[in-house]
Amino acid sequence: MDFQAGQIVSLEHGDIKLYAEVIQVVVSRQLCWVRPLLLVNFTQEPPLLTDLRDTSDLLWSVNLFQPALDTEVISFLSQVLAQEPKPGQTSVAKQQFNHFIHHIWQAQKGGLGIGH
């Protein structure tokens, strides 16, 4: 993928999608450095949004990211930006983010035959 800094990308696993801003693409290692923005859980209506702007950056395989459509991201981001952060929300967001990344890692590890 030919991503540019500032571009919004998504990483999907099951019914959950991570939206993140590209900081840099490390072409030589096929990695994408992204800053998480939000996690969207589509298992319910309306989708559950988790603000990830205070979580850690992520360095992940560039091949797993997809370009995000502006139309889908803008509506989600506007909802998150309109809310005031609640006390304790950051730690919950970090837990959900870590849980999501762990599931993707397990899926990739299983798909690559590592650890079997």
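Buried residues account for 32% of the 116 residues in the protein chain, and this share, like every value that follows, is computed from a predicted model. The accessible surface of the protein chain amounts to about 7,200 Å², with carbon and sulfur atoms contributing 54% of that area.

The secondary structure consists of two helices and six strands, and, read from the N terminus, the order of the elements is β-β-β-β-β-β-α-α.

Confidence in the prediction can be described for the chain and for its elements. The mean pLDDT of the protein chain is 87, and 89% of the residues reach a score of at least 70.

| Element | Residues | Mean pLDDT |
|---|---|---|
| Helix α2, lowest | residues 89-112 | 84 |
| Strand β6, highest | residues 66-67 | 96 |

Where pLDDT is low, the predicted coordinates should not be read in detail.

Asn41 belongs to strand β3, which covers residues 31-41. Because its relative accessibility is 19% and the cut-off for a buried residue is under 20%, Asn41 counts as buried. The side chain of Asn41 forms a polar contact with the side chain of Thr43, at 2.6 Å. When the neighbours within four places in sequence are set aside, Asn41 is in contact with Asp15, Ile16, Pro47 and Leu48.

Terms used
Residues numbered from 1 in each chain as written. Predicted model: local features only at pLDDT ≥ 70, side-chain atom pairs only at ≥ 80, totals over all residues. Heavy atoms only, no water. Helix = DSSP H or I, 4+ residues; strand = E, 2+ residues; numbered from the N terminus. Buried < 20%, exposed > 50% of the residue type's maximum accessible area, 1.4 Å probe, protein only. Areas by Shrake-Rupley, 256 points an atom, 1.4 Å probe, with all protein chains shown as cover. Polar contact = N/O pair within 3.5 Å; in protein donor to acceptor, adjacent residues only side chain to side chain. Contact = heavy atoms within 4.5 Å. pLDDT = per-residue confidence, 0-100.
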